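This report is written for a reader who is new to the structure shown below. Please look through the sequence and the model before reading on.

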Amino acid sequence: MMEYLVICLFAFLASGLTFFSGFGLGTILLPVFAFFFPVEVAIALTAIVHFLTNLFKLTLIGKKANRFVLIKFGVPAFLFALLGAYILTLIADSAPILMYSISGNIFYITPVKLIIAVLLAIFALIDMVPSLKRIQVDQKYLPLGGSLSGFFGGLSGHQGALRTAFLIRANLSKEEFIATGIVIAVIIDISRLSVYAGEILQLESTFNYPLLAAAVLAAFLGAFLGNKLLKKITIQKLQLSIGALLLIFSVLLGAGII
């Protein structure tokens with residue numbers, strides 16, 4: 001009973017909070033699932049909840065996605081997510097560049113996490129420094145953003161933060177920004193899950209399906225309430241809050257904590 005309460009609570013809160021930022025649901029849910037299940041099962045369950053929740057978000061706001069950005073950003077994101085996921089299958093057991101321990105907990109710093117952390121920190125500073133906040137992303141760089149987001153999403157699963165960091169500078173309204181990010185998230189999820197599908201199918205006999213269904217429903221409810229609160233937030237507040245979250249996320253990621 002305890003696992004139902006804890007997992008559903010975190011699924012609900014994470015889904016609602018990350019509705020605006022576009023990232024963090026998987027990062028928050030994975031350690032919660034891992035507390036009750038083996039890591040490989042936790043990864044699979046998190047991927048399923050993440051994908052189904054994004055599909056639900058599409059029904060709420062997906063129609064407001066910017067089609068031009070979807071094509072320019074989404075197509076390379078899909079293709080490079082395949083590449084990243086494939087490379088992950090080749091280097092999954094590669095050694096980290098640094099390991100350290102705090103209070104008996106061991107943390108690992110990998111090259112991929114370090115690279116993403118540096119990129120996120122740069123984007124975060126752009127969002128938080130007043131003289132830089134007016135910078136917008138030229139449309140010709142959208143394919144580059146999609147390629148980076150897709151590749152690292154397939155390689156490490158951290159596609160949301162990079163996608164958000166790039167799209168928030170793309171001169172979209174708050175509705176377009178959130179809707180476009182959700183559609184692209186689904187595109188990348190489909191791409192990387194097509195590569196991971198074999199491993200997930202091997203684990204499906206170990207899944208707790210009632211708990212998985214409860215977590216998905218809790219995440220749906222969080223997304224629904226997040227959508228209701230969308231009208232109360234401005235694009236300026238959205239940019240500032242995302243900048244702060246990106247900076248925190250980059251520090252935790254670079255330190256190997258997430």
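## A residue and its contacts: T164

Leaving out residues up to four places away in sequence, T164 touches S21, G22, F23, F177 and I242. T164 itself is found in helix α7, which covers residues 159-167. The model is a predicted one, and in it T164 has a relative accessibility of 2%. T164 therefore counts as buried, since the cut-off for that class is a relative accessible area under 20%.

## Overall make-up

The protein contains ten helices and two strands. Read from the N terminus, the order of the elements is α-α-α-α-β-β-α-α-α-α-α-α. The protein has 258 residues, and 47% of them are buried.

The accessible surface of the protein is about 12700 Å². Carbon and sulfur atoms account for 72% of that surface. Among contacts between residues at least 6 apart in sequence, 82% join residues that are at least 24 apart.

## The second largest pocket

What volume does the second largest pocket have? The value is about 260 Å³. Twelve residues line this pocket, and the closest to its centre are F23, G24, I28, L245 and F249. One of these, F23, is also among the residues that T164 touches.

Three helices each supply at least two residues of the lining: α1 (2-21), α2 (25-36) and α10 (235-254). The largest share comes from α10, with four residues. By class, eight of the lining residues are nonpolar and four are polar, while none is charged.

## Aromatic pairs

A search of the whole structure finds five aromatic pairs. One of them is formed by F56 and F220, whose ring centres are 4.4 Å apart. The planes of these two rings are at 15 degrees, so the pair is stacked; the cut-off for stacking is under 30 degrees. F56 lies in helix α3 (residues 39-61) and F220 in helix α9 (residues 209-228), so the pair ties together parts that lie 164 residues apart in sequence. F220 has a relative accessibility of 22% and therefore counts as partly exposed.

F207 and Y209 form another pair, with ring centres 5.9 Å apart. Why is this pair classed as edge-to-face? The planes of the two rings are at 65 degrees, and the class applies to angles over 60 degrees. Is each of the two residues buried or partly exposed? F207 is buried, with a relative accessible area of 9%, whereas Y209 is partly exposed at 44% relative accessibility.

## L58 in helix α3

Helix α3 also holds L58. With a relative accessibility of 26%, L58 counts as partly exposed. Which residues is L58 in contact with, leaving aside its neighbours within four places in sequence? They are K63, I182, V183 and V186.

L58 can also be compared in position with A179. The two residues are 121 apart in sequence, and their C-alpha atoms are 7.2 Å apart in space.

How values were computed
Residues numbered from 1 in each chain as written. Predicted model: local features only at pLDDT ≥ 70, side-chain atom pairs only at ≥ 80, totals over all residues. Heavy atoms only, no water. Buried < 20%, exposed > 50% of the residue type's maximum accessible area, 1.4 Å probe, protein only. Contact = heavy atoms within 4.5 Å. Areas by Shrake-Rupley, 256 points an atom, 1.4 Å probe, with all protein chains shown as cover. 1 Å grid on protein atoms, 1.4 Å probe; cavity = no way out; pocket = protein on both sides within 12 Å on 5 of 7 lines; lining within 4 Å. Points joined across faces, edges and corners; volume = space filled by probe spheres on them. Nonpolar A, V, L, I, M, F, W, Y, C, P; charged D, E, K, R; others polar. Phe/Tyr/Trp six-rings, centres within 6.5 Å; stacked < 30°, edge-to-face > 60°.
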